[in-house]
Amino acid sequence: MTMLFIILLIVFGLLFMTAEIVFLPGVSIGAILSLVCYGSSIYLAFRDHGIVAGCIVIAAIILLSILATVFSLRAKTWQRFSLKQKIDAKPVEFPEEKLQKGDRGMTLSRLSPMGKVEIRGGIYEAKSQDAYIDPKSEIEVIGFENFNVIVRKTNN
């Protein structure tokens, strides 16, 4: 019966170690549980079956741990868990590269004080110098701040 416990402890130790390597890198609960299982199986082997059985259990743990580590670190194993999505986003351009002070456009949403505007065919995030500007109002570029266009309502 104790041999069954020893084998189960070794199997659980391998499972915890593999989970630690693949899913939870770093020294955490998986590594601690693996060491507890390995230590308990070695202790039971020496206590109940003698020195020869204890040395065989140590050798089996070392061999199985190396095999599990090599298997876990193979490329095919990691590919199953890796993200396969490709990022094709482009960096955001500064609006001052395409716009100039004095350019005119139209608000697409209400600027209170931030919103969307269309200037020279491009859509930009804008900040109103005034408090609020209603949608479909004509605006004029008066400056730039970070990635935002600073605008004011034209007097038409």
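This is a predicted model: local features need pLDDT of at least 70, side-chain atom pairs count only at pLDDT 80 or more; totals for chains, interfaces and linings use all residues.

User: How many disulfides?
Analyst: The count is 0 disulfides. The cut-off for a pair of cysteine sulfur atoms is 2.5 Å.

User: OK, overall layout. How many helices and strands?
Analyst: There are 3 helices and 5 strands. Along the sequence the pattern reads α-α-α-β-β-β-β-β.

User: What share of the residues is buried?
Analyst: Buried residues make up 30% of the 156 in the protein.

User: And what about contacts between residues 24 or more positions apart?
Analyst: Those account for 46% of the contacts with a separation of 6 or more.

User: Let's look at α2. How far apart are its end C-alpha atoms?
Analyst: Only 20 Å. Helix α2 covers residues 29-73, which is 45 residues. A straight helix would reach 66 Å at 1.5 Å a residue.

User: Where does α2 bend?
Analyst: At His-49, by about 150°.

User: What does Ala-45 touch?
Analyst: Leaving out residues up to four places away in sequence, Ala-45 touches Ile-6, Gly-50, Ala-53, Gly-54 and Val-57.

User: How does the span of α1 compare with what it should be?
Analyst: It agrees. The end C-alpha atoms of α1 are 30 Å apart, and its 21 residues should span 30 Å at 1.5 Å a residue.

User: Which residues of α1 are buried?
Analyst: Ile-6, Leu-9, Ile-10, Gly-13, Leu-14, Met-17, Glu-20 and Val-22.

User: Now the cores. Which residues make up the largest nonpolar core?
Analyst: It has 12 residues: Ile-6, Leu-9, Ile-10, Leu-14, Met-17, Cys-37, Tyr-38, Leu-44, Ala-45, Val-57, Ile-61 and Ala-68. Two elements, α1 (2-22) and α2, each give two or more residues to this core. The largest share comes from α2, with 7 residues.

User: And the second core, what does it include?
Analyst: That one is separate and has 11 residues. Among them are Leu-99, Leu-111, Ile-139 and Val-149.

User: On to the strands. In what sense do β3 and β5 pair?
Analyst: Parallel, over 3 bridges. Lys-127 has Ile-150 in β5 as its bridge partner.

User: What about β4 and β5?
Analyst: Strand β4 (residues 138-145) pairs with β5 in the antiparallel sense, over 6 bridges. Glu-140 stands opposite Arg-152 in β5.

User: What's in the turn of that hairpin?
Analyst: The β4 and β5 hairpin has 2 residues between its strands. Asn-146 sits in the turn, with a positive phi of about 55°.

User: Last one, Ser-128. Where is it?
Analyst: In strand β3, which runs over residues 122-128.

User: Buried or exposed?
Analyst: Ser-128 is buried, because its relative accessibility is 6% and the limit is under 20%.

User: Which residues is it in contact with?
Analyst: Beyond its neighbours within four places in sequence, Ser-128 contacts Leu-111, Pro-113, Ile-133 and Val-151. Leu-111 also belongs to the second core.

Conventions: Residues are numbered from 1 along each chain as its sequence is written. Side-chain values use heavy atoms; hydrogens and water are left out. Helices (H or I, at least four residues) and strands (E, at least two) are DSSP runs, numbered from the N terminus. The expected span of a helix is 1.5 Å times one less than its number of residues. The bend at a residue is the angle between axes fitted to the seven residues ending there and the seven starting there. Buried means under 20% relative accessible area, exposed over 50%, partly exposed in between (1.4 Å probe, protein chains only). Contact means heavy atoms within 4.5 Å. A nonpolar core is a set of buried Ala, Val, Leu, Ile, Met, Phe, Trp, Tyr and Cys residues joined through side-chain atoms within 4.5 Å. Two strands pair if DSSP finds at least two bridges between them.
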